[in-house]
Amino acid sequence: MASRALIHKLKSKLGSISVLDHHNFFNSTKIFHFNPISTPQILPNPVFISSKYFESTKAQKQFDSAYSDDDQALDFPGGKVGITSQMKFISETNGSRVECYRVLGDDGQLLKEPIQVTEQLAVKMYEYMATLQVMDTIFYEAQRQGRISFYLTTIGEEAINIASAAALSIDDVIFPQYREPGILLWRGFTLQEFANQCFGNKADYGKGRQMPIHYGSNKLNYITVASTVATQLLHAVGAAYSLKMDNKNACTITYFGDGGTSTGDFHAALNFAAVLEAPVIFFCRNNGDGIVVRGQAYGIQSIRVDGNDALAIYNAVSEARRMAALTYRAGHHSTSDDSTKYRPVEEMEFWKHTRDPVLRFRKWIDGNGWWNDQRESELRSSVRKQLMNAIQVAEKLEKPPVADLFTDVYDVVPPNLQEQERLLRETITKHQKDYPTNVPV
Ligand SMILES: Cc1ncc(C[n+]2csc(CCOP(=O)(O)OP(=O)(O)O)c2C)c(N)n1
């Protein structure tokens, strides 16, 4: 039986640890300025968001005020803990699934008034979602024709891309997985720049060294795609911590699929984010299972959002800063995948047609008198033409020189890479007909 004396002893021993635990080495201001609209032509409407990562601290304060009598509580380094003589296991589940936040119904009718989405912003969001769809169709076909080696679509996840991008400021740094090109598009990456990367020509910022869809842009604060699942989560937390140390009015946001939550990196990232109170949004494109409670487990405020509802995503990213979104990837995983092998065709068709996020959003802007069939066909045919042109230009442009394969990692190219380069050149000279003619040797 714990005596009052023992509790007092524990208290005096643990007290100093407790103080250290609460000491903040860096400025812990948690107010971030958000300009939800990243384009200058739309009037900015600043939103101030208070980030509360350390929910455990809050819970502790509430508890401490509730338990002033030492007989009922043990004072541990993390705060007071109530005492009970009843053996009670915490249940493995809450008993019910976390609700999903939604603003637009499947029929495109508002369930609840959205915040601050003007006609101008709504039309722009729709135009970018439609552009993304055309881009996916054309690049997918280019891959099927053998003109590019690989492609990966965002079909069914257009709203996640565009609505979250619209809610962020250009200073917020993006750490993508690979299914978020819409954010780059929103920030001004041109169709030509997309085509240059997919064709790996000399205008590609990655110098043709990566597979198609591994886009990146320093200028647009979009870190190059890391398709090694979940590695980007740790990078996002580190970068967010650095933004915090520099007192920047910006955050980082990292996107990942539900598959990424099974990695060790996911847990390490959430843990560091919570402990360091880093200004980072974890955006889980959850096209399957229940993930949102995992954020809560690390003391991170979390929300489940309908990933096919552009307005809900816009509101949630604007307001919350960290979330887990529930959506359904309507396309195949990539051009290397045929998802009919592991999910029923009817299920895919249902999500593609009944739950399509772009169609749902279109119904809403149509209903407001902000869009019509003529604008629809003009937009799609104009984007199609621009893309065909971009592809032709990208295809004709020569490839980066062979020498570029060996640069940009070391300041001075080490002997083993020099050796590899020499061997490669010898092989190309010996077997010229097997190598593309448009790569300068
Ligand atoms: C560390 C690592 N392991 C395995 C893979 C192979 N891989 C590529 S995509 C993928 C599935 C990822 O699923 P999810 O994160 O849910 O994203 P989704 O493609 O469904 O959007 C896997 C396992 C990888 N890229 N990286």
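**Entry 1: Ser-164**

I started at Ser-164, which sits in helix H4, residues 158-167. The model is a predicted one, and I keep that in mind throughout. Is Ser-164 buried or exposed? I find 29 C-beta neighbours inside 10 Å, so Ser-164 counts as buried; the cut-off for buried is 20 or more. Next I looked up its contacts beyond four places in sequence. Ser-164 is in contact with Phe-283, Ile-313 and Val-317. I also checked Ala-310. It is 146 residues away from Ser-164 in sequence, yet the C-alpha to C-alpha distance is 8.2 Å.

**Entry 2: H3 against H4**

I stayed with H4 and turned to its packing on H3. The two axes come within 9 Å and cross at roughly 140 degrees. That makes H3 oblique to H4, because only angles over 145 degrees count as roughly antiparallel. I noted the hand of the crossing of H3 and H4 as right-handed. Which residues make the contact? From H3 I listed Leu-121, Met-125, Tyr-128, Met-129, Leu-132 and Gln-133. From H4 I listed Glu-158, Ala-159, Asn-161, Ile-162, Ala-163 and Ala-166. Sorted by class, the contact of H3 with H4 has nine nonpolar residues, two polar and one charged.

**Entry 3: The largest nonpolar core**

I then looked up the largest nonpolar core. It holds 87 residues. Which members touch the most others? They are Met-129, Ile-162, Ala-163 and Ile-313. Helix H3, residues 119-144, gives the most to this core, with eleven residues.

**Entry 4: H6 against H13**

Next came helix H6, residues 191-199, and helix H13, residues 373-396. Their axes are 8 Å apart and the packing angle is about 40 degrees. H6 and H13 are therefore oblique to each other. Their crossing is right-handed. On the H6 side I noted Leu-191, Gln-192, Ala-195, Asn-196 and Phe-199. On the H13 side I noted Gln-386, Leu-387, Ala-390, Ile-391, Val-393, Ala-394 and Glu-395. How many residues of each class are there in the contact of H6 with H13? I have eight nonpolar, three polar and one charged.

**Entry 5: H7 against H8**

I moved on to H7 and H8. Their axes are 8 Å apart, at an angle of about 15 degrees. That makes H7 roughly parallel to H8. The crossing of H7 and H8 is left-handed. H7 contributes Thr-231, Leu-233, Leu-234, Val-237 and Tyr-241. These meet Asp-265, Phe-266, Ala-268, Ala-269, Phe-272, Ala-273 and Leu-276 in H8. The class count for the contact of H7 with H8 is ten nonpolar, one polar and one charged.

**Entry 6: Leu-270**

I picked one more residue of helix H8, residues 264-276: Leu-270. Leu-270 counts as buried because it has 23 C-beta neighbours inside 10 Å. What does Leu-270 touch, not counting residues up to four places away? I found Phe-282, Gly-295, Tyr-298 and Ile-300. I also looked at Val-280, ten residues from Leu-270 in sequence. Their C-alpha atoms are 9.5 Å apart.

**Entry 7: Positive phi**

Ile-213 has a phi of about 75 degrees. It is placed in the loop between H6 and helix H7, 231-245. With 22 other C-beta atoms within 10 Å, Ile-213 is buried. Asp-408 has a phi near 75 degrees, also positive. Asp-408 lies in the loop between H13 and helix H14, 415-430. Is Asp-408 buried or exposed? Its 10 C-beta neighbours inside 10 Å make Asp-408 exposed, since the exposed class takes 12 or fewer.

**Entry 8: Whole chain**

The protein has 14 helices and nine strands. Of its 441 residues, 36% are buried. I then took contacts between residues at least 6 apart in sequence. Of these, 70% join residues at least 24 apart.

Conventions. Residues are numbered from 1 along each chain as its sequence is written. This is a predicted model: local features need pLDDT of at least 70, side-chain atom pairs count only at pLDDT 80 or more; totals for chains, interfaces and linings use all residues. Helices (H or I, at least four residues) and strands (E, at least two) are DSSP runs, numbered from the N terminus. Two residues are in contact if their C-beta atoms, placed from the backbone, lie within 7 Å. Axes are lines fitted to C-alpha atoms, for helices over the stretch in contact, and angles run from 0 to 180 degrees between N-to-C directions. Angles under 35 degrees count as roughly parallel, over 145 as roughly antiparallel, 65 to 115 as roughly perpendicular and the rest as oblique. A crossing is left-handed if the near helix is turned anticlockwise from the far one by less than a right angle, and right-handed if clockwise. Ala, Val, Leu, Ile, Met, Phe, Trp, Tyr, Cys and Pro count as nonpolar, Asp, Glu, Lys and Arg as charged, and the others, Gly among them, as polar. A nonpolar core is a set of buried Ala, Val, Leu, Ile, Met, Phe, Trp, Tyr and Cys residues joined through C-beta atoms within 7 Å.
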